[in-house]
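Work through them with the structure open.

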Amino acid sequence: MDFVFLLQDVINGVLMGSIYGLVALGLTLVFGVLKVINFAHGSFIMVGMFVAYWAVALTGLHPYVALLLVVPAMFFFGYASQHWLIRPIFKAERDVREPTTVIIVTTGMWYVLDNLALLLFGPDYRALTPNPLKGQMLELGQIFISVPKLYGAVATFSTCAGLYWFMQKTRTGRAIRAVSLDRDAASLMGINQWKIFNIAFGIGTAIAGIAGVVLTPFYNVYPSVGVPFDVKSFVIVVLGGLGSIPGALVGGIIVGLIESLGPMYMTATWTEAIVYGLFLMVLFFKPSGLFGQKHDW
């Protein structure tokens with residue numbers, strides 16, 4: 001029986017960890033191309049969750065059907081944010097490889113989005129209604145697996161596969177890879193780096209929207225819901241390697257397993273301490289992360 005419980009926790013830890021990887025995927029994509037950390041990433045996830053919540057509440061759609069509305073809406077939101085708010089900073093600091101002013105701008109976006117959501121929707125916690133996935137469990141003998149998390153894992157691996165295909169096989173994807181390698185050389189080859197920045201930021205924001213849809217069936221929606229996921233995203237991205245897409249997935253699974261297995265042997269506080277302790281160890285001994293290659297597209 002102890003082995004059954006252990007196996008169940010491992011499975012659910014991998015499923016939740018893969019969702020964490022999806023949460024961090026958009027962040028690591030933006031860093032890989034723009035070479036800046038988007039501190040508003042958690043707020044983008046919050047926006048995606050609210051869009052999914054209201055899409056389902058107002059239309060009665062299945063949560064995953066809401067992806068048809070959330071993904072394009074979040075892509076254009078990210079595209080516009082990059083074009084109107086971040087692009088001017090890049091142009092003003094064109095001689096700086098990694099303009100730190102962008103960090104200030106994205107931090108400001110974080111506070112504006114969270115407080116705007118608080119103003120519009122109040123501090124109440126909202127649960128998705130209708131929610132056909134609520135409380136559903138897949139029973140395999142004595143093992144119980146959360147169906148919403150299972151669907152979330154499927155969405156994660158599908159998104160990673162789709163992103164990999166896009167990056168490798170499409171003209172735009174190859175242009176994004178070229179800009180991430182050397183933006184100046186890419187510009188000399190006729191690639192519009194500013195447009196590529198907009199597209200990459202839009203894709204990263206759309207992935208945050210997918211993560212929002214995946215989380216909504218089993219997670220409450222409220223204005224500051226993105227904060228804990230923002231923190232986890234940074235930990236996961238550092239664990240896996242800044243700019244590494246497979247690293248984001250592996251880092252998320254590591255965090256998910258620690259959070260799932262830790263409470264079997266210690267308090268939740270110590271579990272969090274292990275996660276952040278591992279984070280510090282990676283920073284000290286392998287700052288490039290587990291997948292420390294410069295580019296992993």
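Q: In which loop does proline 130 lie?
A: This is a predicted model, where local features need pLDDT of at least 70, side-chain atom pairs count only at pLDDT 80 or more, and totals for chains, interfaces and linings use all residues. Residues are numbered from 1 along each chain as its sequence is written, and side-chain values use heavy atoms, with hydrogens and water left out. Helices (H or I, at least four residues) and strands (E, at least two) are DSSP runs, numbered from the N terminus. On that numbering, proline 130 sits in the loop between α4 and β1.

Q: How confident is the predictor in the protein chain, and which element has the highest mean pLDDT?
A: pLDDT is the predictor's confidence in each residue, from 0 to 100. The chain has a mean of 91, and 96% of its residues reach 70 or more. Among the elements, α11 has the lowest mean, 88. The highest, 97, belongs to helix α8 (residues 193-215).

Q: How far apart are the end C-alpha atoms of helix α2?
A: Helix α2 covers residues 41-59, which is 19 residues. The expected span is 1.5 Å times one less than the number of residues, so α2 should span 27 Å. The model agrees: the end C-alpha atoms are 27 Å apart.

Q: How many of the 19 residues of α2 are buried?
A: Buried means under 20% relative accessible area, exposed over 50%, and partly exposed in between (1.4 Å probe, protein chains only). Helix α2 is largely enclosed by the rest of the structure, because its buried residues number 14.

Q: Which residue follows α2, and what is its phi?
A: The residue after the helix is glycine 60. Its phi is positive, near 75 degrees.

Q: Is lysine 35 buried or exposed?
A: Lysine 35 is found in the loop between α1 (2-34) and α2. Its phi is near 65 degrees, a positive value in a residue other than glycine. Its relative accessibility is 9%, so lysine 35 counts as buried.

Q: Which residue forms a salt bridge with glutamate 259?
A: A salt bridge is a side-chain nitrogen of Lys or Arg within 4 Å of a carboxyl oxygen of Asp or Glu. The structure holds one. Its closest N and O atoms are 3.4 Å apart, and the partner of glutamate 259 is lysine 232.

Q: How many residues apart are glutamate 259 and lysine 232?
A: Glutamate 259 is in helix α10 (residues 245-261), and lysine 232 is in helix α9 (residues 226-240). Glutamate 259 is buried at 19% relative accessible area, and lysine 232 is buried at 18%. The pair links distant parts of the chain, 27 residues apart.

Q: Which residue in β2 is the bridge partner of glutamate 139?
A: Two strands pair if DSSP finds at least two bridges between them. Strand β1 (residues 137-140) and strand β2 (residues 143-146) pair in the antiparallel sense over four bridges. In β2, glutamate 139 is partnered by phenylalanine 144.

Q: Which residue in the hairpin of β1 and β2 takes a positive phi?
A: The hairpin has two residues between the strands. The positive phi, near 65 degrees, belongs to glycine 141.
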